[in-house]
Every structure is written in C-alpha cells, then in structure tokens.
Amino acid sequence: MGELKVSRKRKKKNTIIDVNGVKIGGKNIVFIAGPCAISGKEEIIGIAKALKEKGADMLRGGAFKPRTNPYSFQGMGEEGLKCLKAARDETGLPIVTEVMDTKDVELVAKYADILQVGTRNMQNFSLLKEVGKAGKPVLLKRGMSATLDEFINAAEYIAAEGNNDVILCERGIRTFNTYTRNTLDLSLVPALKEKTHLPVVVDPSHGTGVRSFVVPMGKAAVASGCDGLMIEAHVDPEKSISDKDQTIDIDEFGRLVEEVRKVAKSVGRG
Ligand code: PEP
Ligand code: MN
C-alpha cells in the first residue's frame, strides 16, 4: 500500500488548486462566502455582488441541503444550481455547492466549480468515489465525529480515483459544549498541514453556530495556518432560509475580510 497519495511524505510541496484563476493552498487566504441555502435567483445574485465587493473570492450556497428534520426545506435542487450559475455569470465568482447523493454527482458537477461533500457524508464511501471521478475539485468537510486519521482516509478515497484536488474543511466537532453548536477544532489545522499537502479551509459558521463568534474564530483560524475560510453570509441574515443564527451580514463580512487580512499579514500570508 505504501504512503497515502494525500500524505506529506509522498509530496513535500503544498498542493495549490487553481479554480478558474482563484488559487487555494498558496500564499493568499481565500474567502468562500454565501448563504447556507439558495432560495432565489435575484437573492443570490444580490448576495454574490455584495460579497464580491467586500472581498469574497468564491460563492457558496446549497441547492441540495442535508437537513436534520425531513420536513425542513431540502433545497431547490437543479433550480438552485441554475441560480448559482446566474450569480457566477454576473460576478465571475467560482461556485462551491454540496452534492449529497451519488445519483446527483453528474448534475451538480455540470454547474459547480467545487463539489462540496458535507460532514454527514464524510464517510459515504460510494459518494467519495463518485466525486473522485467527477473531474472537479472537492471540498471535503470533516465528519462531526471523525478523527484526523478518518478524515485523511476519506480524502484518500477521492485521491485514489485520480482526483488530487481535494480541499479539507474543519467545521467543528461534537463535544459536551452547549454554548456553541459545535466545537471548532483549530488544532486540526496544523495537524492536517503536517500530515497532508492539501489546502485546508475552516468554517467558523458551522464551527460555532453563533453569528458574533464568526469573525473572532475566522481570525484565529487564519492565525492557525489555514488557507481559506468558508463563511455563511447573507444581505439580510434574518431572511436566511436555514442557519440564520450563524449567518453574518455583508458589513460584518467586510469587517472579517479587513481583520483577517491583518492577521494574514502578521503570519506571512497574503
Ligand atoms: C453547509 O456548508 O451548508 C453544511 C451543511 O455544512 P456541514 O456539512 O458542515 O454541516
Ligand atoms: Mn449551513
């Protein structure tokens, strides 16, 4: 078997992934921002324009949503993907969106610039193999109870299919804490950087579940050595169709970018 393809032992240099000209894993910190779920075309275009103006590099938003309650809004499906595409046409921002099911990989890959695999699917091995064959970079979120080793092996499933463009995302894990939705495990960032050559992104929105904690933990994440942030943001957070309590508004996103840039500079990043 030997060393894993994603292992730092196999490749010393950092993997830099070029997504329509946006490089992730290099010197610059990449900001991926957008609503939790897509709920309309004009809305997502408005959000994308506003976020781009404040410094976003990529647009996120779910069209297929993994909801805890089966009666909650499940996402717009292909209509949502079309909305995202319209927002990309308008702004040029590459789009990151989740795929939940092997049967939808081909469809989602037609629209997405990066395929997101969510925390609940980190060990859905059939899905990992399928996204490994889809010809698009993958943003893999850490399972909410996954160890470092399990996370790395999940990434290896994708790489084993010949797709080395995997971005790892820490999004918080389950602990005894109740004051945050999850516990953002920032020690994972240096651990992943030591063990793998892949870009690492941190999601302080799901990581904390608390709007006012997003900026401080975003800064902390960048200080810990990550390559980018994934942020839930909306022009009117209270109108978010899901995860509104952790969604920041456009001004707050602007503050985040400004403050993170200072942190980035102080740790030798762009
Ligand atoms: C999301 O990014 O909207 C999402 C559902 O994230 P996670 O899989 O980390 O819960
Ligand atoms: Mn969400």
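Buried means under 20% relative accessible area, exposed over 50%, and partly exposed in between, with a 1.4 Å probe and protein chains only. By that cut-off, the buried residues of helix α9 are I250, E252, F253, G254, L256, V257, V260, V263 and A264. This is a predicted model, in which local features need pLDDT of at least 70, side-chain atom pairs count only at pLDDT 80 or more, and totals for chains, interfaces and linings use all residues. Residues are numbered from 1 along each chain as its sequence is written, and side-chain values use heavy atoms, with hydrogens and water left out. Helices (H or I, at least four residues) and strands (E, at least two) are DSSP runs, numbered from the N terminus.

**Helix α9**

- At the start of α9, a side-chain oxygen of D249 comes to within 3.3 Å of the backbone nitrogen of D251.
- G268, with a positive phi near 80°, follows α9.

- F151, I152, A154, A155, E156, I158 and A159 are the buried residues of α5.
- These buried residues pack against α4, β7 (138-141), β8 (166-170) and α6 (188-195).
- Two packed helices are described by the angle between their axes and the distance between the axes.
- Helix α4 (residues 125-132) and helix α5 (residues 148-160) pack at about 45°, with their axes 7 Å apart.
- α4 and α5 are therefore oblique to each other.
- On the α4 side, F125, L128, K129, V131 and G132 meet A154, Y157 and I158 of α5.
- G162, whose phi is positive, near 100°, follows α5.

**V96 in strand β5**

- V96 lies in strand β5 (residues 95-98).
- V96 has a relative accessible area of 0% and is therefore buried.
- Neighbours within four places in sequence aside, V96 is in contact with I32, M58, L59, R60, G61, I114, Q116 and M230.
- From V96 to L84 is 12 residues in sequence and 9.1 Å in space, C-alpha to C-alpha.

How values were computed
Chains are lettered from A and ligands numbered from 1 in the order in which they are written. A polar contact is a pair of N or O atoms within 3.5 Å; within protein, one must be able to donate a hydrogen and the other to accept it, and residues adjacent in sequence count only if both atoms are side-chain atoms. Axes are lines fitted to C-alpha atoms, for helices over the stretch in contact, and angles run from 0 to 180 degrees between N-to-C directions. Angles under 35 degrees count as roughly parallel, over 145 as roughly antiparallel, 65 to 115 as roughly perpendicular and the rest as oblique. Contact means heavy atoms within 4.5 Å.
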